[in-house]
Amino acid sequence: MDELTDHAFNQLLDAAQRGDGSGYDGLVRLIERRLVGFLRARGAHDPDGLANDVMVRMCRSIGTFSGNQTQFRAWVFTIARNRVIDEHRWRSRRPDAEPVDPTSMPETRTEPEVSEHDQRERVEAMLASLTDVQREVMILRIVAGLSVDETAEVMGKRRGAIRALQHRATQQLRVTLVDGP
Amino acid sequence: MDRDGVSTEDMPTFGRSPDPLDAVLSGDPPEDLRDLATIVDDMTTAYVPSSPVARHRDLLQFTNAPAVPVAAPAPTARRRRAAAVVAGFAATLIGKIVIGSAVAAATLGGLHAADKIDVPLLPEVSRDDPAPSIEEPDGQPIPDPASDQGRDHQPTTVPDGSGPPDHAPAEPPTGSPPEGTNPTADSRPDATVPPVDTRPDGPPPFAPTPSSSVPSDPGPPQSPPTAEPPAAEPPTDPASHGESPPAPTDPASRSDNWDMSPEIGPRSGRS
């Protein structure tokens with residue numbers, strides 16, 4: 001994840017809380033790529049749309065936020081995680097709804113997207129060997145780029161639990177990588 | 001399993017030991033973690049886009065907002081620091097003593113200015129139009145308990161030289177001579193000292209007849225206008241006497257500002 005100095009982050013935060021467009025833009029740039037990656041890894045049907053929704057919520061509520069860069073990331077990904085859970089519940093009641101992610105539809109993919117899609121299929125096959133909780137820990141740690149403490153805050157678990165889940169997950173992935181999915 | 005879904009047997013194993021994933025994510029993994037580095041690269045490449053996300057209209061309303069100039073540098077931070085410094089000072093013993101003394105002094109000063117109490121060390125507050133004193137129907141001045149703390153409310157004999165030497169009537173009396181007493185009673189040998197009207201202009205609201213003017217040696221308090229006033233000599237020394245208006249019927253018009261001896265009547269007059 002892109003990392004800013006504390007001073008640079010505080011300047012962006014102050015600007016955004018004043019309503020300055022440059023502040024919003026800076027905070028969006030800080031999280032947008034990792035946010036989309038997290039939503040893709042979590043199986044959101046419209047990762048780009050959902051990422052926009054999460055960032056709009058972030059911009060609307062930025063005036064009430066108080067904290068450092070670490071707390072900011074944890075806050076944004078908590079919003080994103082809750083939105084994904086809500087979407088999954090909504091989709092579960094509408095099984096016929098089509099996914100919006102263009103990379104998931106073969107006929108609409110470009111060549112880079114084909115390569116990206118194939119690689120994603122391999123990774124998903126590897127992640128399928130994990131439990132849901134282990135998978136979520138690895139996605140937050142690797143794809144979202146969160147620290148152990150940030151991951152613990154997003155998932156509502158203790159730091160030691162995150163470390164234990166991560167340890168089990170990495171052991172399993174290393175075995176899967178050697179032996180194949 | 002505990003509430004985290006992790007066996008408690010596993011949790012103490014890690015504690016604060018180095019996280020191998022952090023070593024890989026830092027960009028320089030050790031040799032034994034190359035397989036883990038491969039997994040991290042695969043996951044990042046598969047999911048994280050290489051280009052910025054397309055922004056929808058709702059988000060563009062925020063990111064395209066005009067720049068807002070900074071009016072003051074971080075006022076909330078400054079306020080927080082100032083508040084923290086003040087709170088820290090107030091929490092100390094010295095801070096508590098200083099703040100408590102200031103509050104007490106302000107309270108005493110306010111009460112003194114409002115004539116609720118008389119603080120000897122503070123100067124008297126001047127009043128432009130001091131209200132007249134009042135008297136009982138029998139000529140005895142009506143005591144003012146709000147401004148006459150610790151004093152005998154009944155008129156008493158003024159000891160020699162015990163009059164109010166620190167002040168004198170500001171204005172010569174106008175209109176009818178007073179029925180009151182001479183506020184500067186240094187020369188008076190005895191007798192009661194009824195309150196004196198030191199108002200600069202106009203007759204007292206219940207101006208007595210000229211025959212009721214206060215003599216240079218006032219004598220006992222005079223009766224109110226409703227009663228037949230006793231005869232009195234006209235004043236010879238404006239500074240040695242005052243006017244004592246008849247007793248008003250409105251208790252709210254009692255004077256708090258008459259030059260009086262400390263022993264009787266309301267507070268000393270205001271110049």
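What covers the buried residues of helix 3 of chain A? Helix 2 and helix 4 of chain A are among the cover, together with helix 4 (57–63) of chain B.

1. Ground rules. This is a predicted model, in which local features need pLDDT of at least 70 and side-chain atom pairs count only at pLDDT 80 or more, while totals for chains, interfaces and linings use all residues. Residues are numbered from 1 along each chain as its sequence is written, chains are lettered from A and ligands numbered from 1 in the order in which they are written, and side-chain values use heavy atoms, with hydrogens and water left out.

2. Chain A at a glance. You'll find eight helices and zero strands here, so counted as DSSP runs numbered from the N terminus (helices are H or I, at least four residues; strands are E, at least two). Reading along the sequence gives α-α-α-α-α-α-α-α. Chain A has 181 residues, and 50% of them are buried, where buried means under 20% relative accessible area, exposed means over 50% and partly exposed is in between (1.4 Å probe, protein chains only). Its accessible surface is about 8200 Å², with 46% belonging to carbon and sulfur atoms; such areas come from the Shrake-Rupley method with a 1.4 Å probe, and for residues only the protein chains shown count as cover. Take the contacts in chain A (heavy atoms within 4.5 Å) with a separation of 6 or more: residues 24 or more positions apart account for 63% of them.

3. Chain B at a glance. Chain B also gets by without strands: it has six helices and zero strands, in the order α-α-α-α-α-α from the N terminus on. Of its 271 residues, 39% count as buried. The accessible surface comes to about 14500 Å², and carbon and sulfur atoms own 60% of that. For contacts in chain B with a separation of 6 or more, 67% are between residues 24 or more positions apart.

4. Helix 2 of chain A. This one covers residues 21–41, 21 residues in total, and reaches 30 Å from first C-alpha to last, close to the 30 Å expected at 1.5 Å a residue. The expected span is 1.5 Å times one less than the number of residues. Look for a kink of about 40° centred on A:Glu32; the bend at a residue is the angle between axes fitted to the seven residues ending there and the seven starting there. Helix 2 of chain A is mostly covered, with 18 of its 21 residues buried. After the helix comes A:Gly43, with a positive phi near 80°.

5. The largest nonpolar core. In soluble globular proteins, nonpolar side chains tend to be buried together. In this model the largest nonpolar core has 65 residues, and A:Leu39, A:Met58, A:Ile62, A:Phe72 and B:Met43 touch the most other members. Such a core is a set of buried Ala, Val, Leu, Ile, Met, Phe, Trp, Tyr and Cys residues joined through side-chain atoms within 4.5 Å. Helix 2 of chain A supplies the largest share of this core, 10 residues. Beyond its neighbours within four places in sequence, A:Leu39 is in contact with A:Ala44, A:Pro47, A:Leu50, A:Ala51, A:Ala80 and A:Val84.

6. Helix 3 of chain A. Residues 47–61 form this helix, 15 residues that reach 21 Å from first C-alpha to last, close to the expected 21 Å. Its buried residues include A:Pro47, A:Leu50, A:Ala51, A:Asn52 and A:Met58.

7. Where is A:Arg81? A:Arg81 lies in helix 4 (residues 69–92) of chain A and counts as buried, because its relative accessibility is 16%. Among the residues A:Arg81 touches, not counting those up to four places away in sequence, are A:Phe38, A:Arg42 and A:Glu136. A:Thr176, in helix 8 (residues 159–179) of chain A, is buried at 6% relative accessible area. Its side chain makes a polar contact with the side chain of A:Ser129 (3.3 Å); that term means a pair of N or O atoms within 3.5 Å, where within protein one must be able to donate a hydrogen and the other to accept it, and residues adjacent in sequence count only if both atoms are side-chain atoms.

8. The end of helix 6 in chain B. B:Ala113 is in helix 6 of chain B and is partly exposed, at 36% relative accessible area. B:Asp115 sits in the segment after that helix (93–113), is buried at 4%, and has a positive phi near 65° despite being a residue other than glycine.
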